[in-house]
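Please open the structure in your viewer and keep the selection panel at hand.

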Amino acid sequence: MIIIPYSITHRDEWNDFVSRSKQGTFLLNRNFMDYHADRFFDCSIMICQSDDDKGAYTSTEQNFGDIIAVMPANWIEETKTVETHGGLTYGGLLTKEDITEIEVLQIMQAAFTYYREMMGARVLLYKPIPYIYSSLPSGEDLYALFRANAQLSRRLVSSVVDMRHVLRMRTLRTNGVKKALAKGFYIDRMQDGDLDTLNEFWVLLEDMLIRQHKASPVHTVDEISLLMSRFPREIKVYIVRNSSLRIVAGVIVFETGRVAHVQYIASNSEGNENGALDLLFRHLITERYKNMDYLDLGTSNEAHGHILNEGLIAKKESFGGRAVCYDSYRVMLDEPGIGTMCELHKPKDKKRRIKYLDLKKLNHTYEPHLSYEINRVAQSGQYLLGQENQRFEQTWKNYIRTRNCVLVGNGLEALVLILRAYCKLDDWKAGDYVLVQGNTYIATIMAIREAGLTPVLFDPVYHPVHGMPLLDNDRIERILDKLDSSHTLRAIMPVHLYGRVWDMDSIYRFASKHNLKVIEDAAQAHGAEVNGKRAGALGDAAGWSFYPGKNLGALGDAGCVTTNDDKLADMIRTMANYGSRRKYVNEVEGMNSRVDEIQAAVLNVKFSYLNIENKRRREIANRYLSEIDNPLIKLPNRPCNPEENVWHVFPVYCTERDKLQLYLMDNGVETLIHYPIPPHKQNALKDEGKLVLCESLPVAEREAREELSLPISPVMSNEDVDRVIDLLNRFVA
């Protein structure tokens, strides 16, 4: 097939094809799109049939009788993005009515390849035409998007009245009509060139948007005036006047052969109280547009599409409107799947790589919301200690159910600041002891050292049935007997390793007996819960990491502290900001440990997905636990309650761990080891006095020898999980 870049010289051919196409609607008239050429860089294409199956890209004249599809599109240079079409509510591929699914697949692959190779595009934002407006229902382009691994990125909800099967207006609306007529309201249509009426309506519209939505119209009044002069037959303004001839309500409608699109709806307080819009919409539905196929009442989304205005939806439905979704899909044009979209019968590549955690793919699932929020903050001028920090702190403390959340630079600094704050508030001395398990990442130990305290390492024991880590009180008491009495044991720090919470009852009993603070290292336990309480609210304070690979991760370093201790939270916030509550007034020795506004905005976006992604992790973990069956591989215990583990890591244990990892790597499955050298074996901590090791740590050392972490990403497919399970079951040493 041949792809021809659209130019204005091909307008007639384009419009002729659209009029005969399967999905053709009014918004795809080239005159309207070409008018916006000063606002958008048009990169629309026409696809023609060719005997050359290798394909070609050309701008020369072709036999336009062979056009098989057109795609309206714009180019966004800053992000190397193609959008179909930026000036339209929707506008995807238009095809002939007798098109087949395979042909659409080939056309879409050719279009994606064209934009990638000829324009250097990285992303394509695709807005399918809602099939309520199609002459034949179909889903060929949606199937092609599926084959291209596209992700749903935005969903706008409109309300559409089917004029061929009009529903009766609700009694509330009918009563509003009666009230409007009794008040002396009447309907008028603005005449061409009547700028005074347009300006009066526009003042009403802007006032309403500012008061109710803190927003402004997308167009200016001058732009609308110019549009109406260019397209007088397509754009109409209908208004409602009171007995004093003042405008109390109105709408702007874009008219076409089949669909009337309401663009702006406005009513002042007098109009709202007396049913002005009820009168107007009854007229539009029962009189003005009764010969149309559809009256589209417009979308009811706010905040770039992420919030539904439920009141507006209910109001539109009361006129007989039915929900229609305007979806947008994000296609990554550098994905390998683009090149294999049409290879429907090719056997799957068993060597295809399964990443341990595909962060790029995971972050794509948050688009375009993620990029929108980053760009919004970047242009706000506020980059530190602003509203995004405050918003996330409020969100996270409500989720964890603590009184305080303090954002800090990273997970290590979260633990350091907790310990330093206790040293200041409770008069802990340098060298005092903190009990901490030996099977953890070295950062937990480093935090204790950084605070001037001494780590005392111990091995946890595990419940024989559900595997929850427990304290062996007898062993711990023996350790305490060996400690130097010149220093005091101050705290115990349980680590919710791999996303599995501790048996906190055993921790509480020991801590109460010895008057210890309980400090959770919750860096791997985002969303874990036991007995109705979430990790992070199970002790006196908790340190969190939002490293990119965590269940809730930023796009860089970030961390926080949660606690119910108000004095502790205030001291941590002060210490994290150079020891200052007021600028240039430094009350205590502090540090610079802050989260920038962009990272806080990223966390605000990703937070809404946390429970969903944890659910997917549990689904994968349950399959691993149920279906991996190999005597050489030891699995973790299944928790009694699923909420007790968020499966940040899915560890398996194998005495031939290195062989198993190499075997999986050779078969395209990436794994990690958490952690190959236990902290007490690290050179950084070998010097005398850096930590206390009263007993051997066989648990920590065995896990370091045998542990292997399997992929357990929320974006893993079921086929990926099948393959990992199959490979593990076939492993032989």
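Select helix H23, residues 718-729: at 1.5 Å a residue its 12 residues should span 16 Å, and the end C-alpha atoms lie 17 Å apart, which agrees. The expected span is 1.5 Å times one less than the number of residues. Helices (H or I, at least four residues) and strands (E, at least two) are DSSP runs, numbered from the N terminus.

This is a predicted model, in which local features need pLDDT of at least 70 and side-chain atom pairs count only at pLDDT 80 or more, while totals for chains, interfaces and linings use all residues. Residues are numbered from 1 along each chain as its sequence is written, and side-chain values use heavy atoms, with hydrogens and water left out.

Within H23, highlight Asp720, Val721, Arg723, Val724, Ile725, Leu727 and Leu728, which are its buried residues (under 20% relative accessible area, 1.4 Å probe, protein chains only; exposed is over 50%, partly exposed in between). Next, display helix H20 (610-627), helix H21 (657-666) and strand S33 (707-710), against which these buried residues pack (contact means heavy atoms within 4.5 Å).

**His369**

Move to helix H12, residues 369-378, where His369 is found. His369 is buried, with a relative accessible area of 14%. Show His306 and Val605 as well: His369 touches both, not counting residues up to four places away in sequence.

**Helices H6 and H7**

Finally, select H6 (residues 195-213) and H7 (residues 221-230), which pack at an angle of about 140° with axes 11 Å apart. For the contact, show Leu195, Leu198, Asn199 and Trp202 of H6 with Val221, Ile224, Ser225 and Met228 of H7.

Methods:
Axes fitted to C-alpha atoms, helices over the stretch in contact; angles between N-to-C directions.
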